[in-house]
Amino acid sequence: MDIKDIIKEENKVYGKTPVLTDNVMHYCPGCSHGVVHKLIAEVIEEMGIQDKTIGVSPVGCAVLAYNYLDIDWEEAAHGRAPALATAIKRLNPDKYVFTYQGDGDLASIGCGEIMHACNRGENIVVIFINNAIYGMTGGQMAPTTLLGMVTATTPYGRNAELNGYPLRLTELLAQLDGTCYVTRQSVQNPASVRKAKKAIQKAFENSMKKKGTSFVEIVGTCNSGWKMNPVKANQWMEENMFAKYPLGDIKDI
Amino acid sequence: MAVRGAIVVDNEKCKGCGVCVANCPTKTIALSHEVNGKGYNYAYMANPESCTGCTNCATVCPDSVITVYRVKL
């Protein structure tokens, strides 16, 4: 059979969802952000909520997320996405509201906002991309950086005495009464991508059930910041990150 | 083989990260020697006969540049 006979519209089994725009993403080759954007877009398409979804984009690499998903967006001040999402959701309770934040935005400068938004049990979805480094600003140490990990500001590796310990925010948030679904996923291979998509879908469904905040952490890579190629970065993540950031549902009520 | 597949890569949007190559179970995909307008070695079907249309490559593609087709023989 000729390739031309296979490549026909009726044989198409997977393609780009129309919720993603045609803009070329500015992310580095192999960046986890692209996969997570795609998963959110696919969930929005499958749930048929493109007109009812409002995203809040962070400061960080994902600051331009509004260029890539064809939904309504607001851009928050650094770390303040959960506060803005609180206002949007309270004023528009019939809308699906989510924030999309990296570890610099959520776990560092926005630590207070996310704690209180989750503690209040706001009916929003929080997508948290944890790649253990500040990607946009040039690979400095983040609160989530692993011990011994070399970054621009810890050239001899992160030292607990000097820099403290990696912050596992997801476990902390699971302790709060306001959260209903807290999970940690990854997107380095097809199986994990499919699991992450299910988790995101569940989080979006929860936001209409008035059960509380749904929090989805995605352990991702920053191959530029880690100074590795994308495939090696995925391997490094599996070997090193998952020991400190184990995958799976932490809370589901 | 009961199933044949094929992929179409948007060459100009592909950044040549190689994640699809690493996740292709049938070793169908490789990075080309030629480069696109941005200088990236884009992905292409090096072994078109072995493609089963499993969609693994498109699932992990960060830039959503792969479209997958599949036919049952």
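Trainee: Let me start with one residue: is A:T221 buried or exposed, and why?
Mentor: Keep in mind that this is a predicted model. A:T221 counts as buried because its relative accessible area is 2%, and the cut-off for buried is under 20%.

Trainee: Where does A:T221 sit, and what is it in contact with?
Mentor: A:T221 is in the loop between β7 and α9 (223–226) of chain A. Setting aside neighbours within four places in sequence, A:T221 has contacts with A:G30, A:S32, A:N131, A:W226, A:A233, A:N234 and A:M237.

Trainee: And A:V125, why does that one count as buried?
Mentor: Its relative accessibility is 0%, so A:V125 counts as buried. You'll find A:V125 in strand β5 of chain A.

Trainee: What does A:V125 touch?
Mentor: Not counting residues up to four places away in sequence, A:V125 touches A:V97, A:F98, A:T99, A:A203, A:F204, A:S207 and A:S214. Take A:S207: it is 82 residues from A:V125 in sequence, yet the C-alpha atoms are 6.4 Å apart in space.

Trainee: Which residues form an aromatic cluster?
Mentor: A:W73, A:F98 and A:F204 form one. A:F98 and A:F204 also came up among the residues that A:V125 touches.

Trainee: What lies over the face of A:Y181?
Mentor: That's A:K202, at 4.9 Å from the ring centre.

Trainee: OK, chain B now. Where is B:M45, and why is it called buried?
Mentor: B:M45 is in strand β3 (residues 43–45) of chain B. Its relative accessible area is 15%, so it falls under the 20% cut-off.

Trainee: What does B:M45 touch?
Mentor: Leaving out residues up to four places away in sequence, B:M45 touches A:I3 from chain A, along with B:A6, B:I7, B:T28 and B:C51.

Trainee: Let's do pockets. What lines the largest one?
Mentor: The largest pocket holds about 300 Å³ of space. Its lining has 21 residues, and those nearest the centre are A:V59, A:G60, A:G104, A:D105 and A:Y134. α4(A) gives the most to that lining, with five residues. By class, the lining has nine nonpolar, ten polar and two charged residues.

Trainee: How about the second largest pocket, how much space lies in it?
Mentor: About 180 Å³. It is lined by 15 residues, and A:Y14, A:E42, A:E46, A:K197 and B:T59 are the closest to its centre. The second largest pocket's lining splits into four nonpolar, four polar and seven charged residues.

Trainee: Last one: how many cavities of 30 Å³ or more turn up?
Mentor: Five, searching the whole structure. The largest cavity has about 100 Å³ of space. Among its 15 lining residues, B:C14, B:C17, B:C20, B:C61 and B:V65 lie nearest the centre. That lining has ten nonpolar, two polar and three charged residues.

Definitions and conventions:
Residues numbered from 1 in each chain as written. Chains lettered and ligands numbered in written order. Predicted model: local features only at pLDDT ≥ 70, side-chain atom pairs only at ≥ 80, totals over all residues. Heavy atoms only, no water. Phe/Tyr/Trp six-rings, centres within 6.5 Å; stacked < 30°, edge-to-face > 60°. Lys NZ or Arg CZ within 6 Å of the ring centre and 35° of its normal. 1 Å grid on protein atoms, 1.4 Å probe; cavity = no way out; pocket = protein on both sides within 12 Å on 5 of 7 lines; lining within 4 Å. Points joined across faces, edges and corners; volume = space filled by probe spheres on them. Nonpolar A, V, L, I, M, F, W, Y, C, P; charged D, E, K, R; others polar. Helix = DSSP H or I, 4+ residues; strand = E, 2+ residues; numbered from the N terminus. Buried < 20%, exposed > 50% of the residue type's maximum accessible area, 1.4 Å probe, protein only. Contact = heavy atoms within 4.5 Å.
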